[in-house]
Structure formats: C-alpha cells, structure tokens
Amino acid sequence: MTAAPRVEGFAHPSFEPLRELLQSRLDAGDDAGASLAVIRDGETLADLWGGTARPGMPWQEDTITQVWSITKTMAALTVLVLADRGVIDLEAPASTYWKALADGPSGDRVLVRHLLAHTSGLPGWTDPLDVEGLLDLERSEAMLAAQEPWWEPGTASGYCMISYGHLLDAVVRGATGRPLSEVFREEIAVPLGADFHLGVPADALERCADLIAPTERLDLPPLAEDNQLIRTLTNPLLDVGGFCNSAPWRQVSVAGANGHGNARSIARIQSVISHGGEVDGVRLLSPAMIDRLLQPEASGLDLVIPAELTWGLGYALIPPVAAPDLPAAERRCWWTGYGGAIVINDLDRRTTIAYAMNKLGAHLISSPRTDDYVLTAYRCLEETS
C-alpha cells in the first residue's frame, strides 16, 4: 500500500499524538482525506489536514467537504442568533413566522423550539419526494407544512435527518425575508472569517473533496416496529458517492445535510458556544442564550435514530459520544455527521474539537474512528493543562 501524503498543518507539541493518529489512519486507508482542529480558550492547538480529496488531488489547507449533519449545528446556531436578537421567539408557534404551517394540520402546535430539538413530529416527508423536489426549498417546505405530524409535537424526539434545514429555513425566511443560508453567511460565517458554506459558491467548487460511500451496510441495531428511520432515510434516498458529489447538489443549501467546510471552519464557528458566545470580539450569543440551548428538551429513545439521546436546542447533550472514557463535563454539547464527522463544544474547558473527512463509515452517530480522534484530543488537552 502506498503511504498517504504527510499530514500538514500546525499542532501544539502536546498534540503531536493527534497528528500521528491522523497519519496512521491515512496510511492504513481508514481515512482517505481528513482534517482535525482543536481550539481552547481562543488558541488553536491543532489545525491538521492530509490525505486525498479526490483522485489526483491532495487534501489541502483550504479543502472543504460535505459534513452531513454537522450542518444542522450551523442552521441551529443561525436561529439561536436571531432569537438572541429578538427576531425569533423560541416559545412562539413556528406558524408565527411560517404562515403556511398555520393553514395545515400542524396549526399552532409546533413551536420554534420543537423544530430546533427534533420534537416537531416532522422528521421527513409523508408524500413521495424526489431529489429535484428536495432542492426546491419552497416547494418541499410547503409539503412539510401541509402534512400531519407523525406524532404529537413536543412529546418525543424524532431526528429530522434531512428536513431539519427545511424547517428552520421556513422560519428564518418568514422572520427575516431572507433564506437561512444568506443569514448564516452574512451574520455568522463572514464576521468570523469561516470557510463554511450552506450552498457552495461557484468559485469554491474546485476545492470540494469527493465523498466516498461506505462499502459496508449501515450499522444499526434492530429497529422497533414503530421506528421511522427507513421512512425518513429513503424519501428521498440520496446517492452518496454520485449525485452528492455534483455541483447541483453542492450549490443548493440543504441545511440539514449538505453544508461544506473543514475542521478549522467548523471549530471556528462552533467555538462561539464553548467560548461564552464571543470569538475574537465578535459576539453572536449571550450567556443566557447559551444556558438556554443547554437545557434538555427531550430525552429517551429517539423515534428515528435508534439510540438514547438527550436534545437541547440544536445540539445533543448526553451521552457525549460513543467513546466511553471522556472526562466528565457538566456543560458540553455536540453532534455528529453521517459517516463520522463530529463537533464537540466543551464549555467547562472552553474547548471545541472538530473532525471532517470524505471517506464515510457505516455509522449514523460517530464511529470507532471518530472516537479515537476525540479521545486522543482530550488526552492531548490534559497534557497542555
């Protein structure tokens, strides 16, 4: 086997084990191309990348890749920023801003906080939807508004695998007159100088890494009879290694799934959470809003993802990841992307950890590979304390 290109980037001396782990994973072929970043107390302790973005193209400093449900944390942060500014009321019916919802079966039963916490009962589309319809945001949002919730809103969580971004986009569009992707870019990404995109601009398409679909079957426990995963996953079914590597998919904002960035940009943006709402003089959230997002909204067996999850507003709270040995933290939120990408905001340590890659594992939540990176990053953190 030909050795992968050497891992590049910066690592604090205590984080050399993280560089070595990434190199070993690339050499073994567990990762094709990947990036890792750790920010603590405003200091970048690791900003690493390496491997192959697509055949004949190395993963470079400015390579970006689709990070699946890490995108949801960006969509949620956008809504939280607007809520903190008084533009959106988290306790209000979503129909206050999304007028079509008021005319449908949901009426006023779905609150904005239900959308953020996956408790809306709208985790997918009831009527058949193809990818073309999915990319027509106003059409697919109207379909969600017109359907009966799959369970009573607010009573349980059911992971909004793809619909999450559509639900939040409809509220943001109604509240501001602008799509969520535009608000995210202008109010979050640009002020922070972060290379993360809800809809990749044409001049950045050449920097995109191609996704490599898993060769194994999705690793799932037995599904309960009333589980909604298959219904959610297959309508529409996305072509991971094909259409998801195309410009038409990348350039439209599907803010529940197709955000593009790298570990550096993910950590930069999400460190707003771990750093008290402010990064380098840019304040996006108040401490009170951060306290609010950390309050549990739902806890128990999710009705879509067959796992015990505790949801705050836009972020999972506990357990932290599949990794069993993480140091304790009273204030920590996180989420993961299909295939292994992850972001962890550890508020107790004022630390954000991010991992983004293009070779997907057959996992919906984290992966053994992801857990190794996270555990190693925490061990390195202890060495710098």
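Modeller: This is a predicted model. A residue is called buried when its relative accessible area is under 20%, and exposed when that area is over 50%.

Biologist: What makes Trp68 buried or exposed?

Modeller: Trp68 has a relative accessible area of 7%. The cut-off for buried is under 20%, so Trp68 is buried. Trp68 lies in the loop between strand S5 (65-66) and helix H2 (70-84), and its phi is near 50°, a positive value in a residue other than glycine.

Biologist: How do you know whether Asp280 is buried or exposed?

Modeller: The relative accessible area of Asp280 is 60%. Exposed requires a value over 50%; therefore Asp280 is exposed. Asp280 is found in the loop between strand S7 (278-279) and strand S8 (282-283), and phi of Asp280 is also positive, near 50°.

Biologist: Which residues lie closest to the centre of the largest pocket?

Modeller: The largest pocket holds about 460 Å³ of space. Of its 25 lining residues, Leu218, Leu233, Val240, Tyr338 and Leu364 are the closest to its centre. Helix H9 (229-233) and strand S11 (332-336) each give two or more residues to this lining.

Biologist: How does the lining of the largest pocket divide by residue class?

Modeller: The lining of the largest pocket comprises 18 nonpolar, 4 polar and 3 charged residues.

Conventions
Residues numbered from 1 in each chain as written. Predicted model: local features only at pLDDT ≥ 70, side-chain atom pairs only at ≥ 80, totals over all residues. Heavy atoms only, no water. 1 Å grid on protein atoms, 1.4 Å probe; cavity = no way out; pocket = protein on both sides within 12 Å on 5 of 7 lines; lining within 4 Å. Points joined across faces, edges and corners; volume = space filled by probe spheres on them. Helix = DSSP H or I, 4+ residues; strand = E, 2+ residues; numbered from the N terminus. Nonpolar A, V, L, I, M, F, W, Y, C, P; charged D, E, K, R; others polar. Buried < 20%, exposed > 50% of the residue type's maximum accessible area, 1.4 Å probe, protein only.
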